[in-house]
Amino acid sequence: MKLTRRNVLGLTAGAAAFAVAGARITPAFASAEETEKSIMDFTGGAAPAEGKITLTAPEIAENGNTVPVTVTVESTMSGDDMVESIILFADGNPNPAVATFRFSELSGAALATTRIRLAKTQNVVAVAKMKDGSVFMDKKQVKVTIGGCGG
Amino acid sequence: MASKPRIKVPKSASAGEVITLKTLISHEMESGQRKDKDGNPIPRKIINKFTCTFEGQMVFECDLDPAISANPYFEFNAKVPSSGTFKFAWLDDDGSVYEAEAPIEVK
């Protein structure tokens, strides 16, 4: 790219906007990278696959204080086909961790429903760890309406 | 102080049936993120763990973080081999434990 006057102006404005946004967000909210890191800590470095796990969350949450979420994993819950634990993250909250569910053979099915807090529009991520070591992930974006402005 | 937890467990089930359990406990789940009107942070006070056991065996457990809403609600499944009692426990940050139990008859 040639350094024309127009390009230089555009770049500077972009960089400035980015710096301001970055400075405002970093101290208060967790980032996607931090969530990524927490997922890796949970899986022990294994990259999660898609499928098997289903995260159900509303597309638009009017009240970020109680957002119902359900997570299920296809599993017979016996022998090696067992879900050991499911972890939930919200990548735009001040702290990405939301909850960790643990199951046993008495659970019958790998299903959990609870209500969570979301600070702003963001992704909710669910990661399931199976007994045989495989990991599965699902992600949903939830739009959070703040202050009832109907957006 | 949390009030008496509410639990919903079917009275009976057939052998091998997967049943649904629901629990709700009143608790403010103070996240530790909020500030009072003088600008001082309000200390965190949440329920940090919930467990459900059947005759001493773990059925379902959850570690809670401050992102769980006030009055934590859980819905989960269980498959029990025989008649017995479900025990539920909620562990508070301040060390208190809130407990509840419910019997079930397996035909």
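Predicted model: local features only at pLDDT ≥ 70, side-chain atom pairs only at ≥ 80, totals over all residues.

Side-chain values use heavy atoms, with hydrogens and water left out, while residues are numbered from 1 along each chain as its sequence is written, and chains are lettered from A and ligands numbered from 1 in the order in which they are written.

**Entry 1: Ser104(A)**

I asked which residues Ser104(A) touches, not counting those up to four places away in sequence. I found Met77(A) and Met82(A), plus Met58(B) and Val59(B). Ser104(A) sits in the loop between strand E5 (97-103) and strand E6 (110-116) of chain A; strands (E, at least two residues) and helices (H or I, at least four) are DSSP runs, numbered from the N terminus. Is Ser104(A) buried or exposed? I noted it as buried, because its relative accessibility is 14%; buried means under 20% relative accessible area, exposed over 50%, and partly exposed in between, with a 1.4 Å probe and protein chains only.

Next I looked at its polar contacts, meaning pairs of N or O atoms within 3.5 Å; within protein, one must be able to donate a hydrogen and the other to accept it, and residues adjacent in sequence count only if both atoms are side-chain atoms. The side chain of Ser104(A) reaches the backbone nitrogen of Leu106(A) at 3.1 Å. A polar atom of that side chain also lies 2.5 Å from the backbone oxygen of Met58(B).

**Entry 2: Thr43(A)**

I then turned to Thr43(A), in helix H2 (residues 32-43) of chain A. Thr43(A) counts as buried because its relative accessibility is 10%. I saw a polar atom of its side chain 2.9 Å from the backbone oxygen of Ala46(A). Beyond its neighbours within four places in sequence, Thr43(A) is in contact with Val127(A) and Val135(A).

**Entry 3: chain A as a whole**

I counted two helices and eight strands in chain A, and along the sequence they read α-α-β-β-β-β-β-β-β-β. Of its 151 residues, 39% count as buried.

**Entry 4: a sheet across both chains**

On the chain A side, E1(A) and E3(A) pair over four bridges, with Thr56(A) partnered by Thr70(A). Seven bridges join E3(A) to E6(A), and there Val71(A) stands opposite Ala112(A). On the chain B side, E1(B) pairs with strand E3 (residues 19-24) over three bridges, and Ile7(B) has Thr23(B) as its bridge partner.

**Entry 5: the core**

Last, I checked nonpolar cores, which are sets of buried Ala, Val, Leu, Ile, Met, Phe, Trp, Tyr and Cys residues joined through side-chain atoms within 4.5 Å. The largest has 59 residues, and Phe101(A), Phe60(B), Phe86(B) and Phe88(B) have the most contacts inside it. Strand E8 (residues 97-106) of chain B gives the largest share, five residues. A second, separate core of six residues includes Ile39(A), Ile87(A), Phe89(A) and Val127(A).

Key: Contact = heavy atoms within 4.5 Å. Pairing = 2+ DSSP bridges.
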